[in-house]
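This report looks at charged side chains and a surface patch in one protein model. Please keep the sequence and the 3D view at hand while reading.

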Amino acid sequence: MTIFLCENSLDGIMTGVYDACASRLGYENVKLQMMDEMDRELFAEYVDVKADTEKSAKVLRTVRREFGLDAFEAICQAAASRDHRKADAIYRTIVLGLHLPKKKNVMNCLTKDYVCTVAQLSKKTWNEAHRYMGFVRFTELAGGILYADIKPENEVLPLIAPHFANRYPEENWIIYDEGRDKFAIHRAGKGWMILEDMRITEEVRDRLSMQEDDYHALWKAFTKSIAIEARKNEKLQKQLLPLKFRDKMTEFKK
């Protein structure tokens, strides 16, 4: 068994898919594994895979063209999951799809465990991204830049950035994933991008615009005024708005 160790990114996984297919070893003799996974198998040959944007782009173009948009999105969303099973499940799903007479039906092959895994991881990741689209709270920094920080379980930044780019096209904004040390950055009237290895000091983050304290007070007053004490249901509230989101939300800050 040859195991290709992939970097934990979309490009890393797609490069692993490319190299595994190019190896001509046969899918039954190949496995993809995340590089940061500690479990190693005896009598297996390990190959380190360095993310290559050209190889990744070739695989993604093929997936989009042959499988259709829905399957393409499902595979990309599964790649954003933190689940260690994702790399091998995505690889086997792509191999299966390429051998189907009707390739666009690949995500309907739910009798295959790996296709089920891709579907489940995609759904879980998208559900978290969808929640962040509603739960992200921006703070206006000095200079008029909108800033928010999040700490998601899965890598949802690339999934939520297009939403906020459409919602605030004429604003300069930054969303920081503090768990992964990545930023989604949008320039007013321009596109958005993901940056790594960049730092925003606490001094900059704490330097709020002159109106921001007033905005915080108004928002807290609004959320309090629309609450109906007689209908308070904390159990349901925790289901709809889990505790893990609240420390980043203005209305729950003291």
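With which residue does glutamate 234 form a salt bridge? In this predicted model, the partner of glutamate 234 is lysine 232, and their closest N and O atoms are 3.6 Å apart. Lysine 232 is exposed, at 55% relative accessible area, while glutamate 234 is partly exposed, at 45%. Elsewhere, salt bridges with shared partners link Arg82, Glu128, Glu153 and Lys244 into one network.

Side chains of opposite charge can pair when their charged atoms come close. The structure holds 13 salt bridges. The table gives some of them, including the one just described.

| Salt bridge | Closest N to O distance |
|---|---|
| Aspartate 88 and arginine 92 | 2.8 Å |
| Glutamate 234 and lysine 232 | 3.6 Å |

Aspartate 88 and arginine 92 both lie in helix α4, which covers residues 86–99. They are four residues apart there, so about one helical turn separates them. Both aspartate 88 and arginine 92 are buried.

Is aspartate 177 buried or exposed? Aspartate 177 counts as buried because its relative accessibility is 1%, and the cut-off for buried is under 20%.

Trp219, Phe222 and Ile226 make a nonpolar patch of about 300 Å². Tryptophan 219 sits in helix α8, residues 212–226, and is partly exposed, with a relative accessible area of 34%.

Methods
Residues are numbered from 1 along each chain as its sequence is written. This is a predicted model: local features need pLDDT of at least 70, side-chain atom pairs count only at pLDDT 80 or more; totals for chains, interfaces and linings use all residues. Side-chain values use heavy atoms; hydrogens and water are left out. Patches are made of residues with over 30% relative accessible area and no salt bridge: like charges are joined within 9 Å, nonpolar side chains (Val, Leu, Ile, Met, Phe, Trp, Tyr) within 5 Å. Accessible areas come from the Shrake-Rupley method with a 1.4 Å probe; for residues, only the protein chains shown count as cover. A salt bridge is a side-chain nitrogen of Lys or Arg within 4 Å of a carboxyl oxygen of Asp or Glu. Helices (H or I, at least four residues) and strands (E, at least two) are DSSP runs, numbered from the N terminus. Buried means under 20% relative accessible area, exposed over 50%, partly exposed in between (1.4 Å probe, protein chains only).
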